[in-house]
Amino acid sequence: MKKQKCIREDDAETQINPFDFLAEEIVFLILDYLQTNPFDRKSFSSVSKSFYSIESRHRKTLKPFPPTTNHRHQLKKLLNRYPFVTHLDLSLCPRIPDSCLSYVSNSCGKALKSIDLSRSNFFTHVGLSYLVSKCVNLVDIDLSNAVHLNDTAAAAIASCGSLERLCLSRCKSLTDIGIGCIAVGCLKLRVLNLKWCLGVSDLGVAFIAVKCKQIRSLDLSHLLITEKCLPLLLKLQYLEILVLEGCCGIGDESLVSLKQGWKSLKTLNMSYCENVTHVGLSSLTSTTTCLQNLSLAYGPMVTLAVSECLQKLSQLQSIRLDGCHVTCSGLKGIGNSCFSLKELSLSKCSGVTDDGLASIVMKQTDLKKLDITCCRKITQASIAHLTKSCGSLVSLKMESCTLVPSEAFVLIGQHCRFLEELDLTDNDVDDEGLKSISRCSQLSILKLGICLNISDEGLIFIGNGCPKLVELDLYRSVGIKDAGICAVAHGCTALEMINISYCENITDSSLISLSNCSKLNTLESRGCPLITSVGLKAIAVRCKQLTKLDIKKCFNVDNSAMISLAHSSQNLRQINLSYSSVTDVGVLCLGRVGCLQSLTILHMEGLSGSGLAGVLLGCGGLTKVKLQSSFRSLVPRLVIEQVEARGCVFQWRDKVFEAELDPKCWKLQAEDIEF
Amino acid sequence: MLTNLSIMEQKIHQLQELVQLIVGRTAKSSISQPNELLIQQQQLVTADLTSIIVQLISTAGSLLPSVKHPHLSADPSNVSDGVLPNDDNSKDNNNNNDSYTNKNMVHKVEDQSNESDHMDVHEEHESKDDDDVDEGENLPPGSYEILQLEKEEILAPHTHFCVICGKGFKRDANLRMHMRGHGDEYKTPAALAKPHKDTGSEPKLIKRYSCPFVGCKRNKDHKKFQPLKTILCVKNHYKRTHCDKSYTCSRCNTKKFSVIADLKTHEKHCGRDRWLCSCGTTFSRKDKLFGHISLFQGHTPALQLDEHKGGGVTVGVHDQGNNNNDNNLEVPKDVGFFDFNFNSNGSGVQMGGDPGACFSPLNMETCNMNGFQEFPRSLFEDSDSFSFLVSGSCNYLWKNGGESSSKDLQ
């Protein structure tokens with residue numbers, strides 16, 4: 001089918017051939033508009049030789065799949081084809097040995113500006129120093145999760161003087177010495193992420209502050225730093241974003257002792273800073289006046305005193321108070337402040353009452369985003385105030401607001417017409433509510449998981465009213481049947497993600513209609529026993545961008561579905577086949593899916609050790625494989641070692657076979673666990 | 001008391017005889033052949049003389065309680081008389097000239113030919129010297145007594161000498177134990193008794209000490225003179241500030257000390273300096289290293305070398321070029337052994353060495369060549385030819401640091 005399409009385009013070109021008259025720059029401009037769908041570019045390049053070469057020269061970003069990087073000649077071919085690549089994303093390749101890195105640096109050379117090694121392993125300081133010595137114009141290096149890298153590697157990076165962005169999160173072997181090298185070598189650094197670099201202490205951070213004067217954004221999450229480095233951090237005159245998440249060493253005394261604040265700071269994240277209370281906060285806010293975004297999640301109790309601290313921040317736009325204990329007076333104080341909030345998160349806050357919430361939403365009428373997840377005390381009164389005063393709300397997350405009655409959701413639809421994101425998971429919303437919500441024509445994310453009162457009737461309204469819907473979550477909303485899904489599939493053709501897990505009444509016809517949404521990349525249909533290979537085949541053939549598929553407990557899915565998936569869905573990255581009827585043949589077919597990264601296989605009766613070994617060896621890019629522990633003895637040890645050497649992690653599970661519960665019963669059980 | 005005095009008398013007689021001999025010799029030779037040989041002989045003789053005088057002083061010092069107080073204070077001046085010509089003449093004469101003209105606290109001998117005469121009238125001079133000292137006493141408003149020991153006295157390894165065999169001792173008690181072997185007269189309780197502190201009727205003045213090095217802040221002629229409290233202070237100060245550092249740390253082969261106690265203190269901590277800068281400077285504390293690198297542009301923390309080896313070995317201490325250079329600048333006159341090495345071989349190392357090479361893992365493989373297994377040292381010290389050229393390697397490291405280090409010095 002693909003070939004036919006190409007030929008058709010080819011014909012068109014030979015007849016008219018308008019591109020001959022266009023300068024290459026103009027074709028480049030046209031190509032700039034083809035960024036959204038990778039297939040468009042692919043088709044473009046297969047039109048003709050000239051198009052192929054134009055596309056090669058135009059491409060700036062490359063994200064190779066593992067088979068390419070594992071074989072030298074393929075990598076050579078790829079890098080030769082795209083000589084002007086400036087950004088190399090190796091996040092799909094778990095195994096990047098030094099040799100590969102040195103080859104990349106040789107062939108990309110000075111053109112390379114940015115490289116992402118955040119998911120890669122097996123490279124050392126030798127490869128890095130080679131990379132840095134060859135690619136002298138590197139601006140951005142992502143080395144997150146490189147737990148094996150030590151100070152020697154940091155010293156290698158330090159010779160990259162042009163570096164502006166460096167991400168070192170979870171480089172746990174790094175110490176102050178390495179950071180010191182980087183600080184001296186990379187004086188142009190603007191963005192530095194040191195999250196979870198537990199070896200880095202006050203000295204290293206202070207030294208960064210002394211040397212790298214250009215820093216705009218600094219992430220120091222979970223570092224064991226104290227007040228000692230703060231005075232030096234204050235001297236970073238361009239610092240705009242500072243993340244101090246989980247820095248337990250910073251307490252009230254540290255903040256009180258600061259003589260001045262950050263004049264330039266716009267975003268401050270102090271979540272999980274347990275030792276900070278209103279005392280320290282008061283000192284901080286009186287000096288750091290430009291703050292626009294502040295996160296105090298899982299921090300101090302939000303009382304009147306805290307809200308008084310916040311009142312000093314006249315430019316404040318966003319506050320995150322997730323997981324804090326909140327008092328009514330505190331919320332009132334925030335409501336009465338002079339700033340005008342755009343974003344407020346009270347997710348999982350205890351103590352949020354109708355009174356408190358109402359006092360905020362009535363004053364802060366410009367609110368665009370509100371998160372009141374798990375505020376279990378609020379009722380219709382809050383929602384009424386909210387909908388009445390905050391008409392411009394764009395995002396509303398209110399998962400598990402269990403006291404809110406169904407009538408309240410009608411109000412949301414009536415007043416908040418500009419909603420783009422709505423999370424109603426685990427609420428009492430019903431079809432009337434959905435009918436009202438369907439008026440929000442801009443809606444792109446709608447989560448209706450565990451809404452047991454909704455049915456096809458409501459969903460049909462959504463399908464008709466929300467054409468921009470991109471993400472729809474119907475997890476365990478058991479009232480949904482094929483009719484609803486079909487309406488959504490026809491109305492919302494932009495749909496990219498859908499979760500119909502445990503909607504037991506859904507059949508193949510839903511999937512066939514969903515195959516209409518060509519952009520679909522995530523399909524979670526866990527626990528839909530009526531689904532068969534026929535439906536999946538339709539999805540596989542028409543949804544080329546499918547990357548994530550969960551068909552756990554779809555007992556009727558068999559090998560034929562796998563065969564068509566292997567044939568059509570070459571972009572599949574993640575698949576869960578547990579409890580399905582797939583056997584060796586189907587699993588072996590999956591071995592042909594080049595970029596498969598994650599594979600979960602539990603309780604599959606028809607699978608043998610050799611079949612599993614086949615798929616393991618076939619998929620070169622596997623990074624995570626979850627298997628029944630009984631397979632451990634069935635798969636040859638050498639195979640496992642081989643796959644592990646490629647950078648794959650095995651997770652052996654010993655789960656007992658679960659029988660499916662009645663949905664109502666499941667919810668009761670979940671509530672039992674919760675309380 | 002009596003025996004001691006008799007010893008004194010004996011001693012003085014011996015001295016007189018000796019001096020007469022010398023006078024005869026010097027007179028003869030100075031007329032006939034004023035050449036190098038004569039000077040050498042003279043110096044030899046005066047050296048003998050000095051040692052005898054030092055012995056005398058020590059004996060006198062041990063007799064302190066029985067002798068009048070000013071007696072002792074006069075002693076240093078006598079010593080200076082005898083000692084002066086010993087030394088490198090021009091310098092010390094200058095010293096003495098200065099002090100003579102200014103305060104005349106200590107009796108001076110400027111002319112070498114006069115020396116023997118002064119020796120002859122040693123006893124007579126004592127009273128005169130006392131006066132001098134007394135005169136000097138009323139100079140400062142704090143009205144403390146300033147004593148200035150001469151260089152040789154300060155540097156003398158022993159302060160107590162046996163009058164019979166000439167053996168020297170550091171402690172008076174050890175000398176008395178030794179004296180027992182020379183006869184029964186030394187075994188009397190009086191001879192063995194610990195000499196008591198002076199209980200003279202005169203009001204005791206606080207004693208303070210001056211360093212004989214002219215221009216030193218501890219020298220009494222200095223504008224902002226700060227006296228030293230005890231003889232021990234004088235000794236340590238003089239050795240530390242004005243002497244060659246002849247004790248080298250056997251661990252790092254880099255740090256040098258002139259006071260052996262300092263060396264011992266250093267050796268306790270030597271090898272613990274784990275924090276290394278790219279300029280070669282080492283620090284015992286990480287924060288000191290970071291203070292250093294944040295001060296100087298271009299200095300980076302150097303990787304700990306043990307990482308390359310994988311073992312638990314720590315990095316050997318490499319001395320600061322800076323410190324040594326400072327010292328060399330302060331004492332430019334003394335061209336000693338180490339300084340000579342510094343000048344001659346230091347440059348050789350600079351040329352031969354590759355500054356970047358010393359931190360590469362490759363070089364560290366050969367760390368234990370010299371047998372210092374606990375404290376592997378880097379490239380420059382590994383090669384046998386350089387292992388003893390302490391200053392040379394210092395300079396090498398200093399060179400590594402580049403321009404900023406030299407700025408630091410100035």
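I began with a cut-off: buried means under 20% relative accessible area, exposed means over 50%, and partly exposed is in between. I also noted that the model is predicted.

Entry one, ring pairs. I counted aromatic pairs over all chains and got 5. I looked up F44(A) and F51(A): their ring centres are 4.4 Å apart and their planes at 20°, so I logged the pair as stacked. Then I checked accessibility for both partners. F44(A) comes out at 9%, so F44(A) is buried. F51(A) has 5% relative accessibility and is therefore buried as well.

Entry two, a pair of tyrosines. For Y475(A) and Y502(A) I found ring centres 5.7 Å apart and planes at 90°, so this pair is edge-to-face. Next I asked myself where the two residues lie. Y475(A) is in the loop between strand 17 (471–473) and helix 22 (482–491) of chain A, while Y502(A) is in the loop between strand 18 (497–499) and helix 23 (508–514) of chain A, so the pair ties together parts 27 residues apart in sequence. Is Y502(A) buried or exposed? With a relative accessible area of 8%, Y502(A) is buried. Y475(A) is partly exposed, at 24%.

I found R59(A) over the face of Y82(A), 5.1 Å from the ring centre. I also found the charged end of R216(A) over the ring of Y238(A), at 4.5 Å from its centre.

Technical notes
Residues are numbered from 1 along each chain as its sequence is written. Chains are lettered from A and ligands numbered from 1 in the order in which they are written. This is a predicted model: local features need pLDDT of at least 70, side-chain atom pairs count only at pLDDT 80 or more; totals for chains, interfaces and linings use all residues. Side-chain values use heavy atoms; hydrogens and water are left out. Rings of Phe, Tyr and Trp (its six-membered ring) pair if their centres lie within 6.5 Å; planes under 30 degrees apart count as stacked, over 60 as edge-to-face and the rest as tilted. Buried means under 20% relative accessible area, exposed over 50%, partly exposed in between (1.4 Å probe, protein chains only). Helices (H or I, at least four residues) and strands (E, at least two) are DSSP runs, numbered from the N terminus. A charge sits over a ring if NZ of Lys or CZ of Arg is within 6 Å of the ring centre and within 35 degrees of the ring normal.
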